[in-house]
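Open the model in your viewer and get ready to select. This tour goes stop by stop.

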Amino acid sequence: MKTFKNILDFQKEFSTEEKCREYLEQQRWNGTPACPFCGSINVHRFPNGKIFKCREKGCRSKFSVTVGTIYENTKVPLTKWFLATYILSVHSKGISSLQLANWLGVTQKTAWFLNHRIREMLTANAPELLEGIVEVDETYVGGSESNKHQSKRIIRGGVGKKAMVIGAVQRNGSVKAKVIPKTDKHNINETLSEFVAPNSIMVTDEHHAYNQVHLNYTHKKVNHRDKEYVRSEDIKVHTNTIEGFWSLLKRQIDGIHHSVSPKHLQRYCNEASFRYNNKKSLQDERFANALANCTGRLTYSELTKNEEK
Ligand SMILES: [Zn+2]
(Lines give C-alpha, C1' and ligand atoms only; values in the text may rest on other atoms or scores of the structure.)
Protein backbone atom coordinates (compact mmCIF):
# COMPACT_ATOMS: atom_id res chain seq x y z
CA MET A 1 0.00 0.00 0.00
CA LYS A 2 1.22 3.49 -0.79
CA THR A 3 1.41 5.81 2.16
CA PHE A 4 0.33 9.42 2.13
CA LYS A 5 -0.85 11.75 4.83
CA ASN A 6 -2.31 14.66 2.90
CA ILE A 7 -3.39 15.83 -0.52
CA LEU A 8 0.08 16.99 -1.56
CA ASP A 9 1.55 13.56 -0.86
CA PHE A 10 -1.40 12.01 -2.60
CA GLN A 11 -0.87 14.01 -5.75
CA LYS A 12 2.81 13.10 -5.83
CA GLU A 13 1.99 9.40 -5.53
CA PHE A 14 -0.65 9.54 -8.25
CA SER A 15 0.68 12.19 -10.61
CA THR A 16 0.49 10.10 -13.82
CA GLU A 17 -1.80 7.57 -15.50
CA GLU A 18 0.92 4.94 -15.16
CA LYS A 19 1.21 5.39 -11.40
CA CYS A 20 -2.55 5.14 -11.01
CA ARG A 21 -2.73 2.04 -13.17
CA GLU A 22 0.07 0.33 -11.25
CA TYR A 23 -1.67 1.00 -7.98
CA LEU A 24 -5.00 -0.24 -9.33
CA GLU A 25 -3.32 -3.41 -10.66
CA GLN A 26 -1.76 -4.00 -7.27
CA GLN A 27 -5.02 -3.43 -5.41
CA ARG A 28 -7.11 -5.45 -7.79
CA TRP A 29 -4.80 -8.31 -8.70
CA ASN A 30 -2.16 -8.27 -6.02
CA GLY A 31 0.58 -8.58 -8.65
CA THR A 32 -1.05 -11.36 -10.72
CA PRO A 33 -3.20 -9.96 -13.54
CA ALA A 34 -6.34 -12.00 -14.14
CA CYS A 35 -8.75 -11.96 -17.07
CA PRO A 36 -11.94 -10.19 -15.95
CA PHE A 37 -13.97 -12.30 -18.40
CA CYS A 38 -12.92 -15.85 -17.54
CA GLY A 39 -10.74 -15.39 -14.46
CA SER A 40 -7.65 -17.00 -16.00
CA ILE A 41 -4.21 -15.78 -14.96
CA ASN A 42 -2.75 -17.06 -18.22
CA VAL A 43 -2.56 -13.60 -19.74
CA HIS A 44 -0.15 -11.65 -21.91
CA ARG A 45 0.74 -8.03 -21.31
CA PHE A 46 1.30 -5.96 -24.45
CA PRO A 47 4.49 -3.88 -24.65
CA ASN A 48 2.59 -0.66 -23.94
CA GLY A 49 2.01 -2.06 -20.45
CA LYS A 50 -1.61 -1.09 -20.48
CA ILE A 51 -3.46 -3.77 -22.41
CA PHE A 52 -3.58 -7.48 -21.69
CA LYS A 53 -4.76 -10.41 -23.73
CA CYS A 54 -6.16 -13.58 -22.29
CA ARG A 55 -4.42 -16.69 -23.61
CA GLU A 56 -7.27 -19.09 -22.83
CA LYS A 57 -8.79 -20.79 -25.85
CA GLY A 58 -12.35 -19.66 -26.24
CA CYS A 59 -11.70 -16.40 -24.39
CA ARG A 60 -8.80 -14.45 -25.94
CA SER A 61 -10.25 -11.26 -24.56
CA LYS A 62 -8.32 -8.04 -24.51
CA PHE A 63 -8.61 -6.00 -21.36
CA SER A 64 -7.02 -3.35 -19.19
CA VAL A 65 -7.03 -3.09 -15.42
CA THR A 66 -10.06 -0.82 -15.50
CA VAL A 67 -12.34 -3.34 -17.27
CA GLY A 68 -15.12 -4.35 -14.91
CA THR A 69 -14.40 -1.53 -12.49
CA ILE A 70 -16.17 1.75 -12.00
CA TYR A 71 -13.34 3.37 -13.98
CA GLU A 72 -14.17 1.52 -17.19
CA ASN A 73 -15.11 3.30 -20.41
CA THR A 74 -14.82 6.88 -19.40
CA LYS A 75 -12.85 9.66 -20.98
CA VAL A 76 -11.93 10.94 -17.56
CA PRO A 77 -8.25 10.21 -16.86
CA LEU A 78 -7.42 7.96 -13.91
CA THR A 79 -5.54 10.79 -12.22
CA LYS A 80 -8.85 12.68 -11.93
CA TRP A 81 -10.78 9.60 -10.91
CA PHE A 82 -8.24 8.90 -8.20
CA LEU A 83 -8.26 12.45 -6.95
CA ALA A 84 -12.06 12.40 -6.81
CA THR A 85 -11.97 9.05 -5.00
CA TYR A 86 -9.47 10.48 -2.56
CA ILE A 87 -11.49 13.63 -1.88
CA LEU A 88 -14.73 11.74 -1.38
CA SER A 89 -13.20 9.01 0.77
CA VAL A 90 -11.44 11.36 3.19
CA HIS A 91 -14.09 14.04 3.35
CA SER A 92 -16.27 13.60 6.38
CA LYS A 93 -19.59 14.34 4.73
CA GLY A 94 -18.91 14.05 1.02
CA ILE A 95 -19.09 17.04 -1.29
CA SER A 96 -21.56 18.22 -3.88
CA SER A 97 -21.08 17.61 -7.59
CA LEU A 98 -20.67 21.34 -8.11
CA GLN A 99 -17.81 21.50 -5.61
CA LEU A 100 -16.24 18.42 -7.14
CA ALA A 101 -16.50 19.96 -10.63
CA ASN A 102 -14.60 23.00 -9.39
CA TRP A 103 -11.93 20.91 -7.70
CA LEU A 104 -11.29 18.70 -10.69
CA GLY A 105 -11.89 21.13 -13.55
CA VAL A 106 -14.59 18.99 -15.14
CA THR A 107 -18.19 19.77 -16.08
CA GLN A 108 -20.84 19.44 -13.44
CA LYS A 109 -22.41 16.60 -15.37
CA THR A 110 -19.16 14.65 -15.31
CA ALA A 111 -18.66 15.47 -11.64
CA TRP A 112 -22.17 14.26 -10.84
CA PHE A 113 -21.39 10.99 -12.57
CA LEU A 114 -18.03 10.57 -10.82
CA ASN A 115 -19.64 11.42 -7.51
CA HIS A 116 -22.30 8.74 -7.90
CA ARG A 117 -19.95 6.09 -9.19
CA ILE A 118 -17.46 6.69 -6.43
CA ARG A 119 -20.24 6.48 -3.86
CA GLU A 120 -20.69 2.91 -5.01
CA MET A 121 -17.21 2.29 -3.71
CA LEU A 122 -17.71 3.98 -0.40
CA THR A 123 -19.55 1.03 0.93
CA ALA A 124 -19.03 -0.51 4.28
CA ASN A 125 -19.46 -4.12 3.36
CA ALA A 126 -18.03 -5.50 6.56
CA PRO A 127 -19.26 -9.08 6.52
CA GLU A 128 -18.73 -9.73 10.21
CA LEU A 129 -21.61 -9.49 12.65
CA LEU A 130 -21.77 -6.84 15.33
CA GLU A 131 -21.43 -8.17 18.85
CA GLY A 132 -21.08 -7.19 22.48
CA ILE A 133 -23.26 -4.20 23.34
CA VAL A 134 -25.17 -3.13 20.25
CA GLU A 135 -27.44 -0.09 20.05
CA VAL A 136 -30.34 -0.41 17.64
CA ASP A 137 -32.64 2.33 16.46
CA GLU A 138 -34.84 3.31 13.55
CA THR A 139 -35.02 6.63 11.79
CA TYR A 140 -37.04 8.27 9.06
CA VAL A 141 -35.32 10.09 6.25
CA GLY A 142 -36.78 12.74 3.99
CA GLY A 143 -40.27 14.08 3.86
CA SER A 144 -39.28 17.63 4.80
CA GLU A 145 -39.40 19.04 1.28
CA SER A 146 -42.30 21.13 0.06
CA ASN A 147 -45.13 19.42 -1.78
CA LYS A 148 -44.11 20.46 -5.26
CA HIS A 149 -41.57 17.68 -5.51
CA GLN A 150 -43.99 15.04 -4.29
CA SER A 151 -43.03 12.56 -7.01
CA LYS A 152 -39.40 12.61 -5.97
CA ARG A 153 -40.18 12.07 -2.35
CA ILE A 154 -39.06 8.99 -0.61
CA ILE A 155 -42.21 7.09 0.01
CA ARG A 156 -41.93 3.59 1.25
CA GLY A 157 -45.33 2.85 2.70
CA GLY A 158 -45.87 2.70 6.41
CA VAL A 159 -45.10 6.11 7.79
CA GLY A 160 -46.34 8.37 5.00
CA LYS A 161 -43.74 10.52 3.35
CA LYS A 162 -40.59 9.35 4.98
CA ALA A 163 -38.38 6.34 4.37
CA MET A 164 -37.43 4.06 7.19
CA VAL A 165 -33.93 3.04 8.04
CA ILE A 166 -32.86 0.67 10.76
CA GLY A 167 -29.37 0.94 12.17
CA ALA A 168 -27.22 -1.03 14.59
CA VAL A 169 -23.93 0.07 16.06
CA GLN A 170 -21.56 -1.88 18.23
CA ARG A 171 -20.25 0.23 21.10
CA ASN A 172 -16.68 1.13 20.13
CA GLY A 173 -17.22 -0.70 16.86
CA SER A 174 -18.86 -0.56 13.46
CA VAL A 175 -22.27 0.51 12.26
CA LYS A 176 -24.66 -1.12 9.79
CA ALA A 177 -27.79 0.47 8.35
CA LYS A 178 -30.53 -0.71 6.02
CA VAL A 179 -33.58 0.81 4.37
CA ILE A 180 -36.62 -1.23 5.32
CA PRO A 181 -40.14 -1.07 3.91
CA LYS A 182 -41.83 -1.00 7.28
CA THR A 183 -40.80 -0.83 10.93
CA ASP A 184 -42.59 -3.94 12.08
CA LYS A 185 -41.40 -7.01 13.98
CA HIS A 186 -40.80 -8.99 10.83
CA ASN A 187 -38.51 -6.45 9.14
CA ILE A 188 -36.76 -5.58 12.37
CA ASN A 189 -36.05 -9.19 13.35
CA GLU A 190 -34.84 -10.12 9.91
CA THR A 191 -32.47 -7.16 9.69
CA LEU A 192 -31.13 -7.65 13.19
CA SER A 193 -30.29 -11.27 12.52
CA GLU A 194 -28.31 -10.10 9.45
CA PHE A 195 -26.49 -7.47 11.51
CA VAL A 196 -25.92 -8.74 15.03
CA ALA A 197 -24.45 -11.94 16.47
CA PRO A 198 -26.83 -13.96 18.68
CA ASN A 199 -26.48 -13.51 22.43
CA SER A 200 -25.29 -9.94 22.08
CA ILE A 201 -26.70 -7.30 24.40
CA MET A 202 -29.09 -5.11 22.46
CA VAL A 203 -30.16 -1.64 23.53
CA THR A 204 -33.27 -0.16 21.88
CA ASP A 205 -36.00 2.31 22.64
CA GLU A 206 -39.46 1.15 23.57
CA HIS A 207 -40.86 0.84 20.05
CA HIS A 208 -43.21 -2.15 19.98
CA ALA A 209 -41.42 -3.56 16.94
CA TYR A 210 -38.57 -4.54 19.27
CA ASN A 211 -40.81 -6.74 21.39
CA GLN A 212 -39.30 -9.99 20.12
CA VAL A 213 -35.69 -8.92 20.42
CA HIS A 214 -35.34 -10.76 23.74
CA LEU A 215 -35.81 -14.09 21.95
CA ASN A 216 -32.33 -13.94 20.42
CA TYR A 217 -30.60 -11.25 22.44
CA THR A 218 -30.32 -9.82 25.91
CA HIS A 219 -32.60 -6.85 25.53
CA LYS A 220 -32.28 -3.53 27.39
CA LYS A 221 -34.81 -0.79 26.71
CA VAL A 222 -34.28 2.93 27.04
CA ASN A 223 -37.30 4.51 28.61
CA HIS A 224 -37.64 7.68 26.56
CA ARG A 225 -41.10 8.48 27.83
CA ASP A 226 -39.86 9.02 31.34
CA LYS A 227 -36.98 11.15 30.07
CA GLU A 228 -34.69 8.50 31.39
CA TYR A 229 -32.23 8.38 28.52
CA VAL A 230 -29.36 6.84 30.42
CA ARG A 231 -29.98 4.33 33.12
CA SER A 232 -27.22 3.00 35.29
CA GLU A 233 -27.47 -0.74 35.31
CA ASP A 234 -24.63 -3.11 34.68
CA ILE A 235 -24.36 -1.46 31.27
CA LYS A 236 -25.22 2.07 30.19
CA VAL A 237 -28.70 1.88 28.69
CA HIS A 238 -28.74 4.58 26.03
CA THR A 239 -28.83 4.88 22.26
CA ASN A 240 -26.62 7.96 21.96
CA THR A 241 -24.12 6.21 19.70
CA ILE A 242 -26.62 5.23 17.02
CA GLU A 243 -28.24 8.66 17.31
CA GLY A 244 -24.83 10.14 16.56
CA PHE A 245 -24.73 8.05 13.42
CA TRP A 246 -28.18 9.28 12.41
CA SER A 247 -27.02 12.87 12.63
CA LEU A 248 -24.04 12.00 10.42
CA LEU A 249 -26.39 10.41 7.88
CA LYS A 250 -28.80 13.32 8.01
CA ARG A 251 -26.08 15.93 7.69
CA GLN A 252 -24.73 14.10 4.70
CA ILE A 253 -28.11 13.97 3.01
CA ASP A 254 -29.20 17.49 3.96
CA GLY A 255 -25.87 19.01 3.03
CA ILE A 256 -25.75 17.64 -0.46
CA HIS A 257 -29.07 16.35 -1.63
CA HIS A 258 -32.26 18.30 -1.68
CA SER A 259 -34.28 15.16 -1.88
CA VAL A 260 -33.44 11.50 -1.76
CA SER A 261 -35.07 8.86 -3.89
CA PRO A 262 -35.57 5.44 -2.27
CA LYS A 263 -33.18 3.98 -4.79
CA HIS A 264 -30.35 6.12 -3.50
CA LEU A 265 -31.11 6.05 0.17
CA GLN A 266 -29.48 2.66 0.77
CA ARG A 267 -26.40 3.94 -1.00
CA TYR A 268 -26.28 7.00 1.25
CA CYS A 269 -26.64 4.72 4.26
CA ASN A 270 -23.73 2.62 3.00
CA GLU A 271 -21.65 5.71 2.40
CA ALA A 272 -22.34 7.15 5.84
CA SER A 273 -21.48 3.75 7.32
CA PHE A 274 -18.22 3.67 5.39
CA ARG A 275 -17.29 7.08 6.75
CA TYR A 276 -18.32 6.16 10.26
CA ASN A 277 -16.48 2.83 10.20
CA ASN A 278 -13.37 4.42 8.72
CA LYS A 279 -13.34 7.46 10.95
CA LYS A 280 -10.22 6.31 12.72
CA SER A 281 -8.47 5.16 9.53
CA LEU A 282 -5.68 7.20 8.05
CA GLN A 283 -6.20 8.81 4.65
CA ASP A 284 -4.22 6.17 2.77
CA GLU A 285 -6.19 3.38 4.46
CA ARG A 286 -9.50 5.01 3.62
CA PHE A 287 -8.48 5.45 0.02
CA ALA A 288 -7.32 1.82 -0.21
CA ASN A 289 -10.55 0.62 1.43
CA ALA A 290 -12.59 2.62 -1.05
CA LEU A 291 -10.59 1.41 -4.01
CA ALA A 292 -10.95 -2.19 -2.87
CA ASN A 293 -14.62 -1.84 -3.84
CA CYS A 294 -13.96 -0.60 -7.37
CA THR A 295 -15.31 -3.64 -9.17
CA GLY A 296 -19.00 -3.77 -9.92
CA ARG A 297 -19.76 -1.06 -12.37
CA LEU A 298 -22.67 1.27 -12.44
CA THR A 299 -23.50 2.45 -15.95
CA TYR A 300 -24.74 5.88 -16.80
CA SER A 301 -28.12 4.57 -17.95
CA GLU A 302 -28.59 2.56 -14.73
CA LEU A 303 -27.67 5.61 -12.77
CA THR A 304 -30.05 7.95 -14.49
CA LYS A 305 -33.06 5.64 -14.68
CA ASN A 306 -35.93 7.23 -12.72
CA GLU A 307 -33.44 9.60 -11.41
CA GLU A 308 -33.13 12.66 -9.26
CA LYS A 309 -30.68 15.09 -10.74
ZN1 LIG B 1 -10.17 -14.82 -20.40
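A residue counts as buried if 20 or more other C-beta atoms lie within 10 Å of its own. Keep that cut-off in mind for the whole tour. The model you see is predicted.

**Stop 1: the whole chain.** Show everything as a cartoon. The protein chain has 10 helices and 10 strands. How much of the protein chain do buried residues make up? They account for 34% of its 309 residues. Now think about contacts with a separation of 6 or more. In this chain, 57% of them join residues 24 or more positions apart.

**Stop 2: strand β5.** Select residues 163–170, which form strand β5. Are its residues buried or exposed? Of the 8 residues, 8 are buried, so β5 is largely enclosed by the rest of the structure. Turn on the side chains. In a regular strand, side chains alternate between the two faces of the sheet. Look for two sets here. Ala163, Val165, Gly167 and Val169 point one way from β5. Met164, Ile166, Ala168 and Gln170 point the other way. Both sets are buried.

**Stop 3: the partners of β5.** Find Val134: its bridge partner in β5 is Gln170. Pick Val165, and you will find its bridge partner in β6, Val179. Then follow the chain through the hairpin of β5 and β6. There are 4 residues between the strands. Stop at Asn172, which takes a positive phi near 60 degrees.

**Stop 4: helix α5.** Select residues 108–121. This helix has 14 residues. From its first C-alpha to its last it reaches 20 Å, close to the 20 Å expected at 1.5 Å a residue. Which residues of α5 are buried? Color Ala111, Leu114, Asn115, Arg117, Ile118, Arg119 and Met121. In an α-helix there are 3.6 residues a turn, so residues three or four places apart point the same way.

**Stop 5: two packed helices.** Select helix α3, residues 78–90, and helix α9, residues 283–291. Their axes are 9 Å apart, and the packing angle is about 115 degrees. That makes α3 roughly perpendicular to α9. α3 passes α9 in a right-handed crossing. Show the side chains at the contact. α3 brings Thr85, Tyr86, Ser89 and Val90. α9 brings Gln283, Arg286, Phe287, Ala290 and Leu291.

How values were computed. Residues are numbered from 1 along each chain as its sequence is written. This is a predicted model: local features need pLDDT of at least 70, side-chain atom pairs count only at pLDDT 80 or more; totals for chains, interfaces and linings use all residues. A residue is buried if 20 or more other C-beta atoms lie within 10 Å of its own, exposed if 12 or fewer, and partly exposed in between; C-beta atoms are placed from the backbone. Two strands pair if DSSP finds at least two bridges between them. The expected span of a helix is 1.5 Å times one less than its number of residues. Two residues are in contact if their C-beta atoms, placed from the backbone, lie within 7 Å. Axes are lines fitted to C-alpha atoms, for helices over the stretch in contact, and angles run from 0 to 180 degrees between N-to-C directions. Angles under 35 degrees count as roughly parallel, over 145 as roughly antiparallel, 65 to 115 as roughly perpendicular and the rest as oblique. A crossing is left-handed if the near helix is turned anticlockwise from the far one by less than a right angle, and right-handed if clockwise.
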